[in-house]
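Subject: Structure handover

Hello,

I am passing on the structure we spoke about. Please look through it first; my notes on what was found follow below.

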Amino acid sequence: MKSYKELTKNELLELKNHLEDEYKEVSSKGLKLDMSRGKPSSAQLELSSDMLDILNSSSDLKSENGLDVRNYGCLDGIPEAKKLMADIVGVSPENIIVCGNSSLNIMYDIVSRSMVFGVLGETPWSKLDMEHVTPVVEMVPGWQQDITNCRRFQELPQKAKDYVHYLEELLEHEIQFISVGAKRDEYILKGAWL
């Protein structure tokens, strides 16, 4: 398929109309999809219910260094949490940073640092010559099958497998995890992890 910049105005308008028709068709189904990621199931939430009864208003909520843990903590993490992770990883607590519970905060921090300082000695993203970068949009064949119950790569529709292979070739790296739904257990482990 041609890239968008190679299409004529009429071809672009035709494609736009086709995509709008597809959108109307999907919208007419009245689906109530929750595409948010990482939401635990009710059963997973029940696992932690008893923890809600451990602390109450008379509990001591200060860390070993006197920090009131009801607040936002401290820059590199609550000391007890740092020690716990240090023991698990096998390093000293000084080498551990305990971030908040949001992976989005961590991703934001990583992207911000990459913009300012670069990654592994590479040029910081903010210093790249973006004036001469041309975005490339490529259309790839899609699939209509529900893949939320797939747990092995071989169970995916052929077009989905082709898409993963296309991304691997583009990235020059094997994709190991493939999300097939919004729930924590809706993923495929493809290849050898770590």
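In these notes, buried means under 20% relative accessible area, exposed means over 50%, and partly exposed lies in between (1.4 Å probe, protein chains only). This is a predicted model, in which local features need pLDDT of at least 70 and side-chain atom pairs count only at pLDDT 80 or more, while totals for chains, interfaces and linings use all residues. Residues are numbered from 1 along each chain as its sequence is written, and side-chain values use heavy atoms, with hydrogens and water left out.

Overall layout

The chain has five helices and two strands. Both kinds of element are DSSP runs numbered from the N terminus: helices are H or I with at least four residues, strands are E with at least two. Read from the N terminus, the order is α-α-α-α-α-β-β.

The radius of gyration of the chain is 24 Å, whereas a compact globule of 194 residues would have one near 16 Å. That radius is taken over C-alpha atoms, and the globule rule is 2.2 Å times the number of residues to the power 0.38. The C-alpha trace spans about 70 × 45 × 35 Å along its principal axes.

Of the 194 residues, 14% count as buried. The chain exposes about 16,500 Å², and carbon and sulfur atoms supply 57% of that area. Accessible areas come from the Shrake-Rupley method with a 1.4 Å probe; for residues, only the protein chains shown count as cover.

Among contacts (heavy atoms within 4.5 Å) with a separation of 6 or more, 29% are between residues 24 or more positions apart. Ser-41 is in the loop between helix H1 (9–27) and helix H2 (42–47), and is partly exposed at a relative accessible area of 27%.

Salt bridges

Side chains of opposite charge can pair when their charged atoms come close. A salt bridge here is a side-chain nitrogen of Lys or Arg within 4 Å of a carboxyl oxygen of Asp or Glu. The count comes to seven.

- Lys-16 pairs with Glu-20, with the closest N and O atoms 2.9 Å apart. They are four residues apart in helix H1, so about one helical turn separates them. Lys-16 is partly exposed at 43%, as is Glu-20 at 34%.
- Asp-87 pairs with Lys-83, the closest N and O atoms also being 2.9 Å apart. Both lie in helix H3 (residues 79–89), four residues and about one turn apart. Asp-87 is exposed at 53%, and Lys-83 is partly exposed at 45%.
- Arg-113 pairs with Asp-109 at 3.1 Å between the closest N and O atoms. Because they are four residues apart in helix H4, about one helical turn separates them. Arg-113 counts as partly exposed at 48%, and Asp-109 likewise at 34%.

Salt bridges that share partners also join Glu-168, Glu-174 and Lys-190 into one network.

Nonpolar patch

Val-111, in helix H4 (residues 103–117), is partly exposed with a relative accessible area of 43%. Val-111 belongs to a nonpolar surface patch of about 990 Å², whose other members include Phe-117, Trp-125 and Met-130. Patches are made of residues with over 30% relative accessible area and no salt bridge; like charges are joined within 9 Å, and nonpolar side chains (Val, Leu, Ile, Met, Phe, Trp, Tyr) within 5 Å.

Regards
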